[in-house]
Amino acid sequence: MTSGTLSTEQIVRRAKSNLAFALACLPKERRRDMISFYAFCRVVDDIADATDVGEEEKERELQHWKQCVEEGTPPGHPVLDEVLVLPQKYGFPRAWLGEIIDGVASDITKTRYATFEELLGYCYKVASVVGLVSIEIFGHQNPATRDYAIQLGYALQFTNIIRDVGQDARDTGRIYLPQSELRQFGVLESEILDARPSERFTKLMDFQYRRARDYYTAARKALPPEDRKNVVASEIMAAIYSRILEKLKKERYPVFTKRTRLSTPLKMWLLSSHILRAKLGMV
């Protein structure tokens with residue numbers, strides 16, 4: 001069964017995402033709308049990553065989704081039917097949804113990024129724009145919070161890239177680490193594709209770690225105090241992924257042997273502590 005035949009709630013449960021923990025702090029209606037938005041992101045990503053259809057068919061399907069988004073014409077798909085009401089409801093451009101589709105569509109044919117700047121453009125579409133939509137649904141007040149969403153999107157996506165280096169290479173042949181930086185640290189693509197870590201690779205990952213950490217810091221600095229209580233869900237995501245990043249560094253990036261995760265009790269503790277801090281006005 002593909003994600004396209006599931007309800008939005010089923011998609012979120014099946015994905016077992018850290019987002020499910022973060023959304024628990026939202027009021028019922030906003031949580032429902034975030035589930036719809038997440039399901040949209042999940043479905044278009046699944047279309048791009050499908051292994052049982054060809055590249056042209058995947059591109060056609062995503063182009064159809066983008067056309068429906070841009071024109072605001074629901075095709076009867078339950079996920080699109082739900083997500084297309086959100087731009088008008090929360091006052092954000094439908095074009096943001098199209099940018100997300102463009103980002104995941106690039107995964108169909110693009111498996112390498114020459115420079116960091118090129119990778120940053122990809123990360124903006126698949127992560128920072130997701131953040132921009134999310135804070136609209138959360139109900140932020142200060143326009144400056146959009147910079148927070150952009151910076152945090154980069155931080156989360158770079159954490160994902162570090163964590164999933166081995167899985168991406170093994171499952172799809174993709175290497176998101178910029179080729180210019182592989183050359184800078186003397187790491188060959190074959191070493192990543194063949195799962196052969198080295199001291200050079202570890203130094204490269206330390207470099208990626210510092211970059212991701214800088215984006216978490218930038219996000220925190222960009223968050224206006226008056227909106228901290230409105231983006232608690234984002235802050236829970238930041239807390240979870242920041243700890244994953246630290247765990248990766250502490251364990252010296254075991255990305256070829258396992259997918260680094262946090263335990264469910266730890267994630268529950270992070271959730272409850274952030275909710276409590278928000279209630280006490282300590283965020």
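**Close-up 1. Where helix α3 meets helix α4.** Phe 40, Val 43, Val 44, Ile 47, Ala 48 and Asp 49 of α3 are in contact with Lys 58, Glu 61, Leu 62, Trp 65 and Val 69 of α4, contact being heavy atoms within 4.5 Å. Sorted by type, the residues of this contact are 8 nonpolar, no polar and 3 charged; Ala, Val, Leu, Ile, Met, Phe, Trp, Tyr, Cys and Pro count as nonpolar, Asp, Glu, Lys and Arg as charged, and the others, Gly among them, as polar. A friendly reminder: this is a predicted model, where local features need pLDDT of at least 70, side-chain atom pairs count only at pLDDT 80 or more, and totals for chains, interfaces and linings use all residues. Residues are numbered from 1 along each chain as its sequence is written, and side-chain values use heavy atoms, with hydrogens and water left out.

**Close-up 2. How α3 and α4 cross.** The axes of α3 (residues 28–49) and α4 (residues 55–71) come within 8 Å, crossing at roughly 155°. The two helices are therefore roughly antiparallel, a label for angles over 145 degrees.

Close-up 3. Look for His 140 in the loop between α8 (116–138) and α9 (145–163); helices here are DSSP runs (H or I, at least four residues), numbered from the N terminus. His 140 is buried, at 13% relative accessible area, where buried means under 20% (1.4 Å probe, protein chains only). Setting aside neighbours within four places in sequence, His 140 is in contact with Ile 135, Thr 145, Arg 146, Asp 227 and Asn 230.

Methods:
Buried < 20%, exposed > 50% of the residue type's maximum accessible area, 1.4 Å probe, protein only. Axes fitted to C-alpha atoms, helices over the stretch in contact; angles between N-to-C directions. Parallel < 35°, antiparallel > 145°, perpendicular 65-115°, else oblique.
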